[in-house]
Amino acid sequence: MNYSTHPLDSSRSVMGVFSRLVMMSFVLFLCADVAFGRDFDRLESIVQFGLSHNPEVRSRLLQNDHQLMEWTLANQLENPTLVGRFSGGSAQKIEVGIEQPFDISRPDPLPLMDHYRDVSRWSILRVHSLKIAQASVDFAAASAILDARRELSNMIHTAADLAKAQLDAGNISRLDYLPYLIAEYTARTQIRDDERRVGFQTSELRTILGMEAGEPITISSSILTSFNDASVPTAGVSDLNVEEVINRSQIEGMIKSSELRRRVVGTPMAGIFYEHDDGDRLGLAGSVSLPIHSGRVSVDQYQPLTVAISDLAGETIRLSQSNQRTLLIQSIRTLQDQLATYRDHILPIHRELIDETMKHVNYMLKGPYSIIDAAQKLVEARIELIGYQHALARAYLEYDELTGRGVCDPALMTGGK
Amino acid sequence: MGGYRWITGLLLGLVGVMMGGGGVLAYQPVIVPNGSTLPYTLVHGVKEFHLTVEEIDHQFAPGMSIKAWGYNGQTPGPVIEAVEGDQVRILVTNKLKAPTSVHWHGLILPNGMDGVQGLTQPPIRPGETFVYEFKLRQHGTFMYHSHGDEMTQIGLGTMGFFIIHPKPTARASTDRDFAIFLNEWFVPPGAFRPNPNVMTDFNLFTFNSRVYPGTAPLVVKKGDRVRIRLGNVGQEGHPIHIHGVSFRVVATDGGDVPPTAQFPETTVVVYPGQTRDIEFVAGELGDWPIHCHRRHHPMNAMGHDVPNLLGVDQTPVEKRMQSIAPNYMAMGESGMHDMAEMAEHMEGPENTVPMMAGDGPFGPIGMGGMFTLLKVRDELPSGSSDPGWYTHPVGTVAHRSERSVSPNADSLTPDAPRYICPMHDSVRQTSPGQCPKCGMNLELSSESE
Ligand SMILES: [Cu+2]
């Protein structure tokens with residue numbers, strides 16, 4: 001994963017990305033029933049798989065379209081009205097007319113709907129991408145920890161077997177042996193706890209990937225380690241400031257909506273009518289509502305207010321995002337330092353500790369339990385390392401969420417990068 | 001290194017002979033295996049010695065060196081050798097970073113020359129030189145050692161022999177006169193500085209601050225009258241045992257033992273603060289061990305908390321252990337001898353001599369620490385301190401027999417004496433009856449069942 005350049009360069013418009021998202025929606029629907037693999041070695045492939053298989057994502061996208069259609073229906077131009085009037089008596093009179101609300105300045109809501117749909121789709125996919133990615137790294141970390149705990153447990157079993165052999169040979173008392181036996185059974189219960197935890201995470205992950213219960217999933221541990229050496233992101237102009245994009249689009253929507261509301265100021269009505277009484281006549285009719293109440297707020301007042309709100313909201317978002325981003329970059333840097341300390345120092349020193357212990361065992365200065373102890377310490381350090389790898393992956397994902405990079409990159413969601 | 005020191009000791013001893021006696025052999029010089037004798041100069045009739053106490057690099061055996069404190073670059077310090085009646089002047093220069101003093105252990109001298117820091121003299125501060133001067137009123141084997149912060153200073157090696165030869169004719173002369181200083185140390189395996197805080201759990205035990213196989217042998221001629229002087233200012237008593245001889249303790253640091261009070265021994269315990277002079281005639285040719293008889297003292301570093309794996313079949317766990325440490329090899333099931341055989345092939349901690357070491361003409365000797373050899377030969381080797389392994393006359397070495405000895409061997413023989421007295425194990429016969437010694441009925445041995 002390379003964070004030095006953003007897949008979107010600044011010259012590319014957000015809208016351009018959104019149009020690709022629309023394309024992607026089709027791709028997702030098309031591949032929804034295609035047979036899938038369950039061995040994942042890249043986070044991107046899990047995210048794509050999840051987006052296309054999770055029924056919730058598909059339902060949310062449909063709901064979104066549904067809501068937007070309703071909105072469009074509510075805001076589309078009114079149909080012409082057929083008006084008729086008949087007066088009886090000595091002077092019979094028939095009037096038939098067509099009236100059409102008439103507003104030249106009013107924008108067509110359809111393009112606005114497209115815009116809304118793109119942004120909200122991206123929002124939905126982004127949230128799910130992140131959820132999938134997080135569940136995947138959680139699962140990968142928990143699985144890696146389970147593997148390590150199994151190694152630890154095997155070591156505890158080995159120590160207990162050795163102690164049992166000493167007991168059987170009459171070299172230690174039952175008093176000396178019992179702690180090993182307790183440790184062995186305790187290790188067994190801990191492994192079951194860990195398995196239960198991984199089971200829980202597997203089930204979460206299956207749900208989020210749209211997989212049936214019991215379907216096997218394998219996620220390569222490289223998903224976690226791929227973050228180890230990823231370059232530390234630097235806040236760049238090419239980042240998609242996600243909240244800002246959404247804010248901008250919402251404000252744009254508000255402004256457009258306010259234009260739609262010109263009707264509250266006064267929607268002119270125009271019509272053609274046919275009149276028949278003593279002769280046949282065609283005529284024109286018109287009406288206009290008087291802006292006595294609604295007219296107190298004019299579009300001219302409303303729009304600058306919206307723009308001001310937009311600016312302030314944008315500023316709030318910018319502040320918050322810039323601080324969050326800085327914090328995340330610091331976290332990523334710190335976590336990478338921690339990882340480097342484990343990789344370059346702590347783990348090699350633990351390995352050296354095992355080698356040195358081995359030398360002492362060779363000279364009968366230490367016994368096999370000392371090697372087991374040293375080896376256990378190495379595995380415990382590896383578990384700590386996995387913890388840091390997990391934290392680092394989570395920090396990168398948060399950064400992705402904040403900046404629309406990585407798994408939250410719209411380009412990824414289209415299936416190509 | 002060992003050989004070099006041995007020769008140096010011999011030569012310096014000879015210098016002493018010539019200088020002390022004005023060209024006449026006044027005494028048989030002491031041979032210090034792995035050590036040396038301190039030269040002196042005669043200044044207006046006073047024998048003047050110079051000791052410098054300092055930190056030194058000291059080798060216990062090839063493969064293991066420590067940072068010790070010693071005199072004139074050695075631990076134990078060089079032997080001060082003089083003759084009863086001599087006036088001696090000893091200059092002591094302190095190159096340590098700590099104050100020190102030198103106590104002349106066992107000598108009767110003016111109180112102010114006794115060398116007790118704070119009590120009989122001011123401390124010798126770093127960089128200072130002190131002078132001690134007194135007349136030697138006794139003869140025998142005495143010692144010198146630091147008498148300030150003894151846990152540290154003696155613990156790190158500041159001790160040596162002070163040997164006073166009797167005036168000629170006062171004591172029967174010997175052909176070979178050896179001096180061996182006993183001491184114990186704690187050096188964590190893989191480290192190189194002795195821990196002076198250790199009080200009981202020592203892990204290295206030395207003859208003249210060397211461990212076997214770094215100890216030089218004592219080479220004598222068959223028929224030689226041999227004296228071995230043993231000294232100890234350590235923390236533990238050492239029962240020193242010599243194979244192939246019967247000896248007598250002829251003197252202590254308190255004086256000569258009257259011949260009527262000497263009794264034959266093969267082992268003498270030398271407690272802290274004691275010296276013992278033993279004498280014997282080397283009557284049997286061969287390579288005879290000299291060692292401390294406390295079982296872990298003729299061994300090099302052993303682990304204090306090594307699990308007991310005697311009789312433990314490690315086969316089921318060995319593979320699993322190898323998955324943890326690929327080079328793991330199960331040892332200890334039948335004792336520690338695996339160690340003696342495998343030590344050469346396995347890597348141990350840095351700067352550590354294996355617990356059991358040394359190769360003999362018939363295989364691994366598997367010893368260490370307080371162990372050396374008394375080599376008795378028909379002729380002393382010329383130009384070499386070590387004559388090599390003894391060549392046994394044909395037919396005088398224990399050898400493998402084709403006869404099998406097993407508990408059931410007797411029962412396989414039709415006429416095996418299966419009836420045994422329950423009180424007298426030696427009374428056995430092939431048929432039932434009574435014990436001629438106690439009259440009890442003989443019982444059928446379970447060995448035959
Ligand atoms: Cu001993």
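Here is a short walk through this structure, one selection at a time.

**Before you start**

This is a predicted model, where local features need pLDDT of at least 70, side-chain atom pairs count only at pLDDT 80 or more, and totals for chains, interfaces and linings use all residues. Residues are numbered from 1 along each chain as its sequence is written, chains are lettered from A and ligands numbered from 1 in the order in which they are written, and side-chain values use heavy atoms, with hydrogens and water left out.

**Stop 1: the copper ion in chain B**

His238(B) (ND1), Cys292(B) (SG) and His297(B) (ND1) coordinate the ion at 1.9 to 2.1 Å. Donors here are N, O and S atoms within 2.8 Å of the metal (3.2 Å for Na, K and Ca), and since water is not among the atoms, sites may look incomplete. Along the sequence, the donor residues follow the spacing H-x53-C-x4-H. His238(B) sits in strand β14 (residues 238–242) and Cys292(B) in strand β20 (residues 286–292) of chain B, so the pair ties together parts that are 54 residues apart in sequence. Helices (H or I, at least four residues) and strands (E, at least two) are DSSP runs, numbered from the N terminus.

Buried means under 20% relative accessible area, exposed over 50%, and partly exposed in between (1.4 Å probe, protein chains only).

**Stop 2: along β14(B)**

β14(B) runs antiparallel to strand β18 (residues 267–270) of chain B, with four bridges joining them; two strands pair if DSSP finds at least two bridges between them. Within β18(B), Val270(B) is the bridge partner of His238(B). β14(B) also pairs with β20(B) in the antiparallel sense, over three bridges, and there Ile240(B) stands opposite Cys292(B).

**Stop 3: an open sheet in chain B**

Still in chain B, pick out β4, β9, β8 and β6. In the order β4-β9-β8-β6, these four strands form an open sheet with mixed pairing. β4 (77–83) and β6 (102–105) stand at the edges with a single partner strand each, so one side of each is left without a neighbour in the sheet. Neighbouring strands are turned by 20° against each other on average, direction ignored; the axes are lines fitted to C-alpha atoms, for helices over the stretch in contact, and angles run from 0 to 180 degrees between N-to-C directions. Zoom in on β6(B) and β8 (residues 140–146), which pair in the antiparallel sense over four bridges. His103(B) stands opposite His145(B) in β8(B).

**Stop 4: charged pairs**

How many salt bridges are there over all chains? The count comes to 32, where a salt bridge is a side-chain nitrogen of Lys or Arg within 4 Å of a carboxyl oxygen of Asp or Glu.

Start with Arg227(B) and Glu279(B), whose side chains meet at 2.9 Å, N to O. This pair links strand β13 (residues 225–232) to strand β19 (residues 274–281) of chain B, 52 residues apart. Both Arg227(B) and Glu279(B) are buried.

Over in chain A, Glu95(A) and Arg85(A) meet at 2.6 Å, N to O. Glu95(A) counts as buried at 15% relative accessibility, whereas Arg85(A) is exposed at 53%.

Then find helix α5 (residues 174–209) of chain A. Arg188(A) forms a salt bridge with Glu184(A), with their closest N and O atoms 3.9 Å apart. The two are four residues apart in the helix, and are therefore separated by about one helical turn. Arg188(A) is partly exposed at 32%, while Glu184(A) is buried at 10%.

**Stop 5: a covered helix**

Finish with helix α2 (residues 43–53) of chain A. Nine of its 11 residues are buried, so α2(A) is largely enclosed by the rest of the structure. Among those buried residues are Leu43(A), Ile46(A), Phe49(A) and His53(A).
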